[in-house]
Amino acid sequence: METQKFLQSPHLPAFPFNQLRKNTLLTTVKAPLSTTSTQRTVLLSSITPKREKDAKKRVVITGMGIVSVFGSDVDKFYERLLTGESGITLIDRFDASELTTRFGGQIRGFNSNGYIDRKTDQRLDDCQRYCIVAGKKALEDASISGDELSKIDKKRAGVLVGSGLGGATVFYNGVKSLIQRGFKKITPFLVPYEISNMASALLAIDLGFMGPTYSISAACATSNYCLYAAANHIREGKADLMIAGGVEAAVVPVGVAGFASWGALSKRNNDPQTASRPWDKDRDGFVMGEGAGVLVMESLEHAMKRDAPILAEYLGGAVNCDAHHVTSPRSDGFGVSSCIQRCLVDARVSVEEVNYVNAHATSTILGDLAEANALKKVFNNTTGIKVNATKSIIGHCMAASGGVEAIATIKAIQTGWLHPTVNQFNLEPAVEFDTVANKKQQHEINVAISNSFGIGGHNSVVAFSAFKP
């Protein structure tokens, strides 16, 4: 029992376990001592991971909300993913003709009518608009709207939607006003609407939710960090219900130019729909996207009391840091493999139970292979495991990517269909797993994990399964 408590401790150092086997687990970890590098061996004999049974600590997904390049309807979004039709187009929101990259997953036709009043909407950045619409749609999906909303104990309901860049358009326009017209012409809404926590705050204010409400910013790993933290608030008895996920609205001049100057973006301006090609030998960088993806997460006890629709179960998660480089991942994937293994411990899942991975897979030269190396370390036998890349179709939504991909993962669990990884023309030989190349596949998912990693070395992994009473 003490050994199990040690392995499940949030203070456990981020060193990889050997496989979480159904029978025996032999693990060597470095003890966190300041003066020596002594090692201790932990032997777990005949341990079968046992799932959480306490309804107060089990976390279920009861609603999903999305704003995407394919619209704001979750079912239609997933239907478009299954077709493999690319959502990447040339940017026309601003003049991108001078940029080295002139395309992205730009959202068009977004409509907030019925979700945000007109006066407020005129002031907001798209970052807040996307969050509020996705959040309210998720509540509708969870059968919490109108009179049902008044029945929620709002002191125990919170919002945890993260963003990397926050209100990028508001900030960009503010800088232009400062340079062109002077500081007196800067809008008084500049600071409130450019800071990254305001999306969560405005949604909570609108709903009257008084529980844990804040924002995590961990670059492209943000959404999973938020899902993990929100679930822990519920597990610890601090909240009954959380709206959690991520939002990003950075397809603006300074956003695209910034990533382009870093050299991270694909330059296939003549063929943008095939530009995002994870694991392909000819990939040349990622494609910027935008949007929001949020989940309604509840304790099973709370969901059952209100007879909520249960879409899936959140089993566990983990976060850690490569502590390696500002932008480049460790080539051996050590930080990533450690994070996956810690997630499985938190989820009480053995390695053999996982048969689907929604990969981070951005289409970058180093990142794709680092993740592939990590997966091979964790899953010695990849037979039967399907791994796909949502970003191949919609681009990289950055802080929102984990939330959007959690929705794709849950829809895969529900439907039994995996969307394809498109643009698989010339697969890297080092990628030794089924990438669901170019055509959707049927697959009965046992346990799914969804990976998200961010510059700065932030790693995050979450695990889901179908709900089983």
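How much volume does the second largest pocket have? The second largest pocket has a volume of about 650 Å³. Welcome to this predicted model, in which local features need pLDDT of at least 70, side-chain atom pairs count only at pLDDT 80 or more, and totals for chains, interfaces and linings use all residues. Residues are numbered from 1 along each chain as its sequence is written, and side-chain values use heavy atoms, with hydrogens and water left out.

**The second largest pocket**

- Its lining has 40 residues, and the closest to the pocket centre are Trp262, Thr327, Thr364, Gly454 and Ile455.
- A pocket here is an open set of points on a 1 Å grid over the protein atoms alone, where a 1.4 Å probe fits, with protein on both sides within 12 Å along at least five of seven lines; lining residues have an atom within 4 Å of a point.
- Two or more lining residues come from each of helix 10 (253-262), helix 13 (365-378), strand 15 (447-454) and strand 16 (458-465).
- Helix 13 gives the largest share of the lining, six residues.
- Helices (H or I, at least four residues) and strands (E, at least two) are DSSP runs, numbered from the N terminus.
- By type, the lining divides into 18 nonpolar, 17 polar and five charged residues.

**A nonpolar surface patch**

- Phe171, Val175, Leu178, Ile179 and Phe183 make a nonpolar surface patch of about 530 Å².
- Isoleucine 179 lies in helix 6 (residues 168-181) and is exposed, with a relative accessible area of 66%.
- Buried means under 20% relative accessible area, exposed over 50%, and partly exposed in between (1.4 Å probe, protein chains only).

**Two residues with positive phi**

- Alanine 361, in the loop between strand 11 (354-358) and helix 13, is not a glycine, yet its phi is positive, near 35 degrees.
- Alanine 361 is buried, at 1% relative accessible area.
- Methionine 398 also has a positive phi, about 55 degrees, although it is not a glycine.
- Methionine 398 sits in the loop between helix 14 (391-394) and helix 15 (401-415) and counts as buried at 3% relative accessibility.

**A loop asparagine**

- Asparagine 438 is in the loop between strand 13 (417-418) and strand 14 (441-442), and counts as partly exposed at 43% relative accessibility.
- From C-alpha to C-alpha, asparagine 438 and glutamine 424 are 6.3 Å apart in space, while 14 residues apart in sequence.

Definitions and conventions
Patch = residues over 30% accessible without salt bridge, like charges linked within 9 Å, V, L, I, M, F, W, Y side chains within 5 Å. Areas by Shrake-Rupley, 256 points an atom, 1.4 Å probe, with all protein chains shown as cover. Salt bridge = Lys/Arg side-chain N within 4 Å of Asp/Glu carboxyl O. Points joined across faces, edges and corners; volume = space filled by probe spheres on them. Nonpolar A, V, L, I, M, F, W, Y, C, P; charged D, E, K, R; others polar.
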